[in-house]
Amino acid sequence: MKIFKPFALLSLMLIANSISGWAQSRGSLVFETKQWQHDYAISNSSFSPKYKHEIKLSYASAGDEKVKNFVNREIIITALGEKYGNLSTEQAVEKYLTDKTNLYVKDIQKEYNEDKQRTSVPVKDLIRRYSYSMKFSTQLLSYWNSMLVYQFTWFDSKYGGNGLIGSQYVNLDLYNFKVLTYHDIFKKGTDSQVTQLIKESMLEYFGVESEEEIKDLGADITRLKPAEKFVLEPKGIRFIYEPYELNSDARGDLNITIPYSALKQYMNTNNTAIRMIVAK
């Protein structure tokens, strides 16, 4: 059995004043990325199901204490869960891996032992059936003024399945210490106007003049809504659409960026951080 321990500390240290604009960003944070690799086998035999977990987290290692603690708590909650939010990054990862290993053993050890005794399935197939692999990471995407955005990506391969992959984008308001949702950013009742701007940008992206022509290309935007996934960037908001949202069988997400100059009349300036963006 292998006990988890931190992988080599990656040599990625993002110093705030070495990146354009970061020295003026709220908190003047410094970031590190650290990786953990955890392998656990049910028995000491080489023919044993295994639980594998790889974690790669970017987190704030220095800067304004209040801002740093807020950012790291949200990163931990996104990646590991609410129950680990009040722990340090190291403590949170260690407890998370311990909890997940115990849960894995509880879920499958008895059933695996019984199955091993009574089944005619080849051992290698049995091991594959009861093995579990999980990988996830957080990546800093944008840090400017009072905004910080990170992406959480995961790959989950459970018990012989083909695996699931997904991602989540988290926009942090460092002025109000808040995770921003779409409805925090935009005024109530403006969905149709924002959607129309996105549709117009999609027509330009596909190089067509009508929604019907987009259908001919294998996508459907007639029932389009503002994307659930979005990133607040210095020049505009990037809306991220997965293929299923466009009734498309294409591979990969579609990214559409709308400049703040076009969006600002629909944005919620009651929020101080949003007001600062609109005023730029």
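The model discussed here is predicted. Thr89 belongs to helix α2, which covers residues 89–118. Leaving aside residues up to four places away in sequence, Thr89 is in contact with Trp36, Leu57, Tyr59 and Ile76.

## Strands β3 and β4

Strand β3 spans residues 30–41, and eleven of its twelve residues are buried, so the strand is largely enclosed by the rest of the structure. Its partner is strand β4 (residues 50–62); the two run antiparallel and are joined by twelve bridges. Within this pairing, Tyr40 stands opposite Tyr51 of β4.

In a regular strand, side chains alternate between the two faces of the sheet.

## Nonpolar cores

The largest nonpolar core has 38 residues, and the members that touch the most others are Phe186, Met202, Ile237 and Phe239. At least two residues each come from β6 (147–158), α4 (182–185), α5 (191–206), β9, β10 (236–241), β11 (254–259), α7 (260–263) and α8 (272–278). Helix α5 supplies the largest share of this core, five residues.

Residues up to four places away in sequence being left out, Phe239 touches Tyr182, Phe186, Val194, Ile198, Ala227, Lys229, Phe230, Leu254, Asn255, Ile256, Ile258 and Leu263. Phe186, on that list, is also one of the core members with the most contacts to other members.

## Largest pocket

The largest pocket holds about 280 Å³ of space. Its lining consists of Asp220, Ile221, Thr222, Arg223, Leu224, Lys225, Pro226, Glu228, Tyr241, Tyr244, Glu245 and Asn247. Sorted by class, five of the lining residues are nonpolar, two are polar and five are charged.

## Second largest pocket

The second largest pocket contains about 240 Å³ of space. It is lined by 17 residues, and those nearest its centre are Gln168, Tyr169, Val170, Glu228 and Lys229. Two or more lining residues come from each of α1 (65–79), β7 (164–173) and β9 (229–232). Strand β7 gives the most, with five residues. The lining as a whole has seven nonpolar, five polar and five charged residues.

## Positive phi angles

Ser28 is not a glycine, yet its phi is positive, at about 40°. The residue sits in the loop between β2 (13–14) and β3. With a relative accessible area of 32%, Ser28 is partly exposed.

Phe177 likewise has a positive phi without being a glycine, here about 55°. Its place is the loop that lies between β7 and β8 (178–179). Phe177 is partly exposed, with a relative accessible area of 24%.

Note on methods. Residues numbered from 1 in each chain as written. Predicted model: local features only at pLDDT ≥ 70, side-chain atom pairs only at ≥ 80, totals over all residues. Heavy atoms only, no water. 1 Å grid on protein atoms, 1.4 Å probe; cavity = no way out; pocket = protein on both sides within 12 Å on 5 of 7 lines; lining within 4 Å. Points joined across faces, edges and corners; volume = space filled by probe spheres on them. Nonpolar A, V, L, I, M, F, W, Y, C, P; charged D, E, K, R; others polar. Helix = DSSP H or I, 4+ residues; strand = E, 2+ residues; numbered from the N terminus. Core = buried A, V, L, I, M, F, W, Y, C linked by side-chain atoms within 4.5 Å. Buried < 20%, exposed > 50% of the residue type's maximum accessible area, 1.4 Å probe, protein only. Contact = heavy atoms within 4.5 Å. Pairing = 2+ DSSP bridges.
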